[in-house]
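Here are my notes for anyone opening this one for the first time. Have the structure beside you as you go through the points.

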Amino acid sequence: MFIINCPFCGERDQSEFSAGGEAHIVRPKQPTELTDDEWADFLFMRKNIKGIQFERWNHSHGCRKWFNVIRDTSNDKIHAVYKMGEKPPSN
Amino acid sequence: MLNINYPKIENKEYPNLKLNLVEPIHKLNLRGKNRDFFTKAGRILSIMLPTEPNTSATIKSISALWLSPDEWIVYGKDIDKNLILSLESEISKSNLGSVTDVSDQWVLINMKGKNVFEVLSKGSPFDFNKFKDTKNVVVQTLLNHVDVILHHNDANNVDLFVRKSFSEHLWLWINDSSSFL
């Protein structure tokens with residue numbers, strides 16, 4: 001269990017949130033031009049790093065807003081939280 | 001509003017805790033972002049929708065609770081059909097935002113007394129330490145795994161909103177927890 005600092009509501013327990021998977025995956029502009037392998041790669045393949053990962057989270061039992069989190073998956077330490085559409089902090 | 005005999009909730013009293021069902025009462029969900037929306041809603045309700053997170057504004061018996069940057073719940077005994085109609089015609093129909101009557105979606109339970117936060121802390125992951133010392137604050141969180149909206153409107157006086165289908169279950173849990181005070 002860990003605490004997430006929702007950019008809209010403030011610090012809340014993890015149980016109020018839902019994880020939304022890896023962040024910053026760009027949808028291909030012309031999906032019809034992709035091969036099956038490339039499309040499957042976009043849909044299913046994720047980095048699943050042991051270490052610092054960029055993720056999407058939803059405050060599902062609070063404000064219901066989506067936002068991005070930089071989290072170390074090995075120890076659940078959260079390095080940064082930023083809103084959708086914002087660039088990740090450089091440090 | 002629906003006229004059904006659900007939930008079956010009777011007012012209860014425990015040591016330093018009073019539980020009351022506050023129904024029927026009108027509740028509205030407002031959503032919008034632009035300046036015109038704020039102006040119109042403020043003028044019709046005679047209340048400025050709070051923009052600071054986790055806060056509320058109350059004038060007379062109408063309260064507006066912040067739910068997210070573009071969403072509020074407004075409730076109170078002074079809300080009548082004419083007020084709802086004017087909100088709908090000036091906000092919904094002119095596409096400034098949305099107005100939804102959620103009176104039947106949410107059930108309002110009032111909890112009053114020194115032991116309010118003792119009971120809430122038993123089943124919620126939220127840290128009530130600052131919340132219980134501050135008036136006119138709002139939190140959306142979980143209570144016994146059920147989504148709730150809590151409005152701390154006066155010292156040791158909390159309005160609890162719970163979805164109707166979960167209300168009887170949560171009511172039984174609150175009573176069970178309160179019986180151990």
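1. A definition to start with: a nonpolar core here is a set of buried Ala, Val, Leu, Ile, Met, Phe, Trp, Tyr and Cys residues joined through C-beta atoms within 7 Å. Buried means that 20 or more other C-beta atoms lie within 10 Å of a residue's own; with 12 or fewer the residue is exposed, and in between it is partly exposed, the C-beta atoms being placed from the backbone. Which residues touch the most other members of the largest core? Out of its 53 residues, they are B:Ala64, B:Leu65, B:Trp72, B:Val74, B:Ile109, B:Leu160 and B:Val162. Strand β8 (residues 106–112) of chain B gives this core its largest share, five residues.

2. Some housekeeping. This is a predicted model, in which local features need pLDDT of at least 70 and side-chain atom pairs count only at pLDDT 80 or more, while totals for chains, interfaces and linings use all residues. Residues are numbered from 1 along each chain as its sequence is written, and chains are lettered from A and ligands numbered from 1 in the order in which they are written.

3. Now chain B as a whole. It has four helices and eleven strands; these are DSSP runs numbered from the N terminus, H or I over at least four residues for helices and E over at least two for strands. The C-alpha trace spans about 50 × 35 × 30 Å along its principal axes. A compact globule of 181 residues would have a radius of gyration near 16 Å, so the 16 Å of chain B agrees; the radius is taken over C-alpha atoms, and the globule rule is 2.2 Å times the number of residues to the power 0.38. Of those 181 residues, 35% count as buried.

4. Contacts come up a lot below: two residues are in contact if their C-beta atoms, placed from the backbone, lie within 7 Å. In chain B, 59% of the contacts between residues at least 6 apart in sequence join residues at least 24 apart. B:Leu160, for one, is in contact with B:Ile109, B:Met111, B:Val148 and B:Leu150, leaving aside neighbours within four places in sequence.

5. On to the sheets. Strands count as paired if DSSP finds at least two bridges between them. Six strands of chain B make an open sheet with antiparallel pairing, in the order β1-β2-β8-β11-β10-β9. Its edge strands, each pairing on one side only, are β1 (12–14) and β9 of chain B. On average, neighbouring strands of this sheet are turned by 25° against each other, direction ignored. Axes here are lines fitted to C-alpha atoms, for helices over the stretch in contact, and angles run from 0 to 180 degrees between N-to-C directions.

6. Helix α4 (residues 164–178) of chain B lies across β1, β2 (17–21), β8, β9, β10 and β11 (157–163), and runs at about 135° to β11(B).

7. Take a look at B:Arg163, in strand β11 of chain B. Is B:Arg163 buried or partly exposed? It counts as partly exposed because it has 15 C-beta neighbours inside 10 Å. B:Arg163 touches B:Gln105, B:Trp106 and B:Asp147, not counting residues up to four places away in sequence. B:Gln105 is 58 residues away from B:Arg163 in sequence, yet 5.7 Å away in space, C-alpha to C-alpha.

8. Strand β6 (residues 71–76) of chain B is worth a stop too. Six bridges join it, antiparallel, to strand β3 (residues 26–32) of chain B, and six join it, again antiparallel, to β5(B). B:Tyr75 shows both pairings: B:Lys27 stands opposite B:Tyr75, and B:Tyr75 is also the bridge partner of B:Ser63. A hairpin through two residues joins β5(B) to β6(B).

9. Chain A has one helix and six strands, in the pattern β-β-β-α-β-β-β along the sequence. Its C-alpha atoms fill a box of roughly 45 × 25 × 25 Å along the principal axes. Of its 91 residues, 15% count as buried.

10. Finally, where the chains meet. The contact takes eleven residues from chain A and ten from chain B. On the side of chain B that touches chain A, β5 (62–68) and β9 (137–143) each supply at least two residues, and β9(B) gives the largest share, three. That side divides into five nonpolar, four polar and one charged residue, where Ala, Val, Leu, Ile, Met, Phe, Trp, Tyr, Cys and Pro count as nonpolar, Asp, Glu, Lys and Arg as charged, and the others, Gly among them, as polar.
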